[in-house]
Amino acid sequence: MPTDLLSPAASVQPLHFHATPKPAPQDDAGTQRWNVPDVQALFDLPFSELLYRAQTVHREHFDPTEVELATLLSVKTGGCPEDCGYCPQSVHFDTGLTAGKLMGVDAVREAAQRAKQAGATRFCMGAAWRAPKDRDVDAVAELVRTVKEEGLEACATLGMLSDGHAEILRDAGLDYYNHNLDSAPDFYGEVITTRDYQDRLDTLERVRGAGVKVCCGGIVGMGESRRQRAALVAQLANLAPDYPESVPINNLVKVQGTPLADQPDLDPLEFVRTIAVARITMPRARVRLSAGRQQMSEAVQALCFVAGANSIFYGEKLLTTGNPDVEADMGLLKKLGLQPRRGHGG
Ligand code: SF4
């Protein structure tokens with residue numbers, strides 16, 4: 001095997017016999033800006049070329065054998081007034097889900113301890129609110145403190161934040177705030193009508209303004225075109241002042257009772273392409289293989305790791321849908337020679 005293929009600094013130049021997508025231009029601050037046709041040109045590359053490039057970029061920034069394990073706990077389930085077409089927690093759809101109240105400190109502490117014992121380094125808490133009230137934010141801040149006391153990174157996803165909320169969560173020790181863009185701007189209205197794209201961008205700006213790291217990604221397989229997948233990735237890669245530190249890429253989980261329940265499956269290789277394009281356009285981000293892993297074969301998950309995914313949601317529940325169980329995940333990582341990331345950072 002040529003040694004340059006083993007080097008983290010391997011060039012992406014040598015292997016192509018076709019038009020090369022242009023590198024993203026830089027803005028005045030020197031930050032790369034991607035336009036949609038250039039991102040789509042990455043999607044359109046021959047599969048092996050795309051994976052080669054993605055793996056090469058991945059090795060420049062990360063240990064390619066390391067995968068972050070994040071656990072996701074629903075701390076307040078169901079009863080959400082939003083109408084996201086993929087979500088069983090919306091009050092607009094009858095999915096048989098029972099709504100619950102915000103979990104207390106003791107239950108969250110126990111769950112955090114279990115997650116840590118199972119090897120997770122990041123603990124994400126999800127609450128099905130459109131936008132938390134002040135008292136909700138104070139209560140979640142208490143949960144954040146609890147998670148931090150257990151020695152885990154803390155992440156929360158609570159919906160749209162008002163002025164001052166991100167600061168309260170930051171002061172409690174929150175490391176990341178998750179707020180997904182979900183789709184391309186021109187597809188958003190097909191899936192969600194109770195808020196618009198700008199609402200999402202406003203919350204992301206508040207999170208950034210408070211100095212909390214951003215976890216932001218999207219969902220593919222909702223009926224969008226490849227161009228729209230490229231437009232979602234371009235939006236994420238171009239977020240100012242920088243792309244998100246964590247980028248969850250979800251494959252639609254079709255839940256009976258939701259409007260997207262009968263959506264045709266996305267070709268698994270198109271999902272792998274989406275991971276690869278996210279890796280190339282956001283080289284330093286943790287790209288997370290998120291919802292939809294349970295429906296993916298081991299071979300497809302392995303391709304996702306080759307394409308640059310280096311974080312997974314781990315544990316029995318992914319909010320309200322299933323997730324491969326801990327032992328199966330550990331077995332897969334072992335089979336692939338991958339190791340859980342230890343400690344904090346990134
Ligand atoms: S995705 Fe979030 S905001 Fe949308 S309905 Fe579900 S819980 Fe509510």
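Guide: Let us begin with burial: a residue counts as buried if 20 or more other C-beta atoms lie within 10 Å of its own, as exposed if 12 or fewer do, and as partly exposed in between, with the C-beta atoms placed from the backbone. This is a predicted model, in which local features need pLDDT of at least 70 and side-chain atom pairs count only at pLDDT 80 or more, while totals for chains, interfaces and linings use all residues. Residues are numbered from 1 along each chain as its sequence is written.

Visitor: Which residues of α4 are buried, and which are exposed?

Guide: Helices (H or I, at least four residues) and strands (E, at least two) are DSSP runs, numbered from the N terminus. In α4, Val137, Val140, Leu143, Val144, Thr146 and Val147 are buried. Seen down the axis of α4, these buried residues fall within an arc of 165 degrees (taken from the directions from the helix axis to the C-beta atoms), so they line one face of the helix. On the other side of α4, Asp134, Arg135, Glu142 and Glu149 are exposed.

Visitor: What covers the buried residues of α4?

Guide: With contact defined as C-beta atoms, placed from the backbone, within 7 Å, the cover includes β1 (66-76), α3 (105-117), β2 (122-127), β3 (153-157) and α5 (165-172).

Visitor: How should I read a strand such as β8, and which residues of β8 are buried?

Guide: In a regular strand the side chains alternate between the two faces of the sheet. In β8 (residues 286-289) both faces are covered, with Arg286 and Arg288 buried on one side and Val287 and Leu289 buried on the other. Strands pair if DSSP finds at least two bridges between them; β7 (residues 246-251) and β8 run parallel and are joined by four bridges, and Ile249 has Leu289 in β8 as its bridge partner.

Visitor: Which residues surround the ligand?

Guide: Taking as near any residue whose C-beta atom, placed from the backbone, lies within 6 Å of the molecule, the ligand is surrounded by Cys80, Glu82, Cys84, Cys87, Gln89, Ser90, Ala128 and Gly159.

Note on methods. Two residues are in contact if their C-beta atoms, placed from the backbone, lie within 7 Å.
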